[in-house]
Amino acid sequence: MSIMRNAVRAASCRIEQLPDGGWSRHFCFANDSAVFSGHFPGRPVLPAVVQILLAQITLEDCLPAFVLARVPQAKFFMPVGPHTDIVLHISPGRKPFLWVCVLSCGEAVAARFQLEGDVYEAASSSCPS
């Protein structure tokens, strides 16, 4: 999994704090990125598990004590290929430890999912303000 984590970090830009207490981050993966390995030969598509990993890593960067417990809801609306500008928006959910994540490519929503964490301390946020 460290290969995937390294590929995600290499494809990401800085994190921006949002007014609602969430974050935004941009990603763009090259055609030869490890995230596309085997998925699918000849027509690379960003796997759903990697899309979730984008949000998990962002939350871990912003909330060092964040531990992913489960993905209570996920919908993937369109395939995402290489060289696509991906924008991830993460907002606080309606209950503690729940985060709403939206992945957009241009004007289109590519995925919408929720991540639920076990323990985190918002006061220890290390993301830029």
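Reader: What share of the residues in the chain is buried?

Author: In this predicted model, where buried means under 20% relative accessible area, buried residues make up 40% of the 129 residues in the chain. The accessible surface of the chain comes to about 6800 Å², and 55% of that surface belongs to carbon and sulfur atoms.

Reader: Which pattern does the chain follow along the sequence?

Author: Reading along the sequence gives α-β-β-α-β-β-β-β, that is, 2 helices and 6 strands. The radius of gyration of the chain is 14 Å, close to the 14 Å that the globule rule gives for 129 residues, and the chain is therefore as compact as a globular protein of that length.

Reader: How should I read a helix, and is helix α2 enclosed or open?

Author: An α-helix has 3.6 residues a turn, so residues three or four places apart point the same way. In helix α2 (residues 48-62), 11 of the 15 residues are buried, so the helix is largely enclosed by the rest of the structure; among them are Val50, Ile52, Leu53 and Cys62.

Reader: And the strands: in which sense do β4 and β5 pair?

Author: In a regular strand the side chains alternate between the two faces of the sheet. Here β4 and strand β5 (residues 98-105) pair in the antiparallel sense over 7 bridges, with proline 92 opposite tryptophan 99 in β5. Strand β2 (residues 23-27) also pairs with strand β4 (residues 86-92) in the antiparallel sense, over 5 bridges, and there histidine 26 stands opposite valine 87.

Technical notes. Residues are numbered from 1 along each chain as its sequence is written. This is a predicted model: local features need pLDDT of at least 70, side-chain atom pairs count only at pLDDT 80 or more; totals for chains, interfaces and linings use all residues. Side-chain values use heavy atoms; hydrogens and water are left out. Two strands pair if DSSP finds at least two bridges between them. Helices (H or I, at least four residues) and strands (E, at least two) are DSSP runs, numbered from the N terminus. Buried means under 20% relative accessible area, exposed over 50%, partly exposed in between (1.4 Å probe, protein chains only). The radius of gyration is taken over C-alpha atoms; the globule rule is 2.2 Å times the number of residues to the power 0.38. Accessible areas come from the Shrake-Rupley method with a 1.4 Å probe; for residues, only the protein chains shown count as cover.
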